[in-house]
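Here is a short report on a single protein chain.

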Amino acid sequence: MERRRTSAIDVTVKLGMLGALSIVLVLTVNFPIFPAVSFLKFELGDVPILLGAFAFGPWWGLLLTAVVSIIQGLTVDAASGWIGILMHLIATGLPIVIAGLIYQRKRTLKGSIIAMSVGVIAKIAVMILCNYFISPLFFASAEMPYAAAQDIVVSLMWYIVAFNAIKAVANGLVTYLLYKPLSRIFFKKKLFAAKTDS
């Protein structure tokens with residue numbers, strides 16, 4: 001019982017550290033890639049969350065996403081309000097869960113690459129839907145009806161797709177580069193099985 005309690009505390013502390021790191025990364029690495037969609041900011045906040053999902057499981061990763069989304073939505077991106085929180089939760093949560101579930105079934109180097117690749121595709125797909133249906137809420141007003149705001153978003157959709165592809169791939173690559181040193185120092189266990197597939 002004591003060992004389980006210690007383990008739960010250990011996981012909670014490490015998830016808290018990963019969540020804090022995610023917020024720090026959003027604050028320090030935060031810039032637009034395309035001026036046409038300057039409201040979309042490139043950041044590496046998904047890296048700690050992805051590492052958490054790989055180390056502790058997809059549902060812990062989703063919980064971490066929810067906590068980070070709320071904190072970020074109330075502080076760093078307070079101007080975006082509940083819409084920003086919802087967008088972040090969907091945009092990060094769905095790919096994190098998908099990647100985490102795949103990796104959970106195949107804990108190898110090859111499995112991690114497949115998991116992150118599918119996660120990238122899932123992020124691009126879900127962000128097309130989110131931007132089509134949710135983003136217009138940012139621009140809609142008495143002077144600009146929702147349908148007109150949606151037309152503007154559609155006109156920028158190729159920029160949005162390219163942005164999310166770049167962001168998802170970059171987060172995946174950084175995660176891939178960091179998992180080994182962090183698994184030895186931070187997690188004190190192998191994130192990936194010793195066996196590596198060719």
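## Burial and surface

In this predicted model, 44% of the 198 residues of the protein chain count as buried. The accessible surface of the chain comes to about 10600 Å². Carbon and sulfur atoms hold 71% of that area.

## Fold layout

The protein chain has eight helices and two strands. Along the sequence, the order is α-β-β-α-α-α-α-α-α-α.

Contacts were also sorted by sequence separation. Among those with a separation of 6 or more, 71% join residues 24 or more positions apart.

## The α2–α4 crossing

Helix α2 spans residues 46-56, and its axis comes within 9 Å of the axis of α4. The two axes cross at roughly 35 degrees. The crossing is right-handed.

From α2, the contact uses Asp 46, Ile 49, Leu 50, Ala 53 and Phe 54. From α4, it uses His 88, Thr 92, Ile 96, Ala 99, Gly 100 and Tyr 103.

## A nonpolar surface patch

The largest share, three residues, comes from α5.

The patch covers about 750 Å². Its members are Trp 82, Leu 86, Leu 129, Tyr 132, Phe 133, Leu 137, Tyr 146 and Val 154. Tyr 132 lies in helix α5. Its relative accessibility is 32%, so Tyr 132 counts as partly exposed.

Technical notes:
Residues numbered from 1 in each chain as written. Predicted model: local features only at pLDDT ≥ 70, side-chain atom pairs only at ≥ 80, totals over all residues. Heavy atoms only, no water. Patch = residues over 30% accessible without salt bridge, like charges linked within 9 Å, V, L, I, M, F, W, Y side chains within 5 Å. Areas by Shrake-Rupley, 256 points an atom, 1.4 Å probe, with all protein chains shown as cover. Salt bridge = Lys/Arg side-chain N within 4 Å of Asp/Glu carboxyl O. Helix = DSSP H or I, 4+ residues; strand = E, 2+ residues; numbered from the N terminus. Buried < 20%, exposed > 50% of the residue type's maximum accessible area, 1.4 Å probe, protein only. Axes fitted to C-alpha atoms, helices over the stretch in contact; angles between N-to-C directions. Left-handed = near helix turned anticlockwise from the far one by under 90°. Contact = heavy atoms within 4.5 Å.
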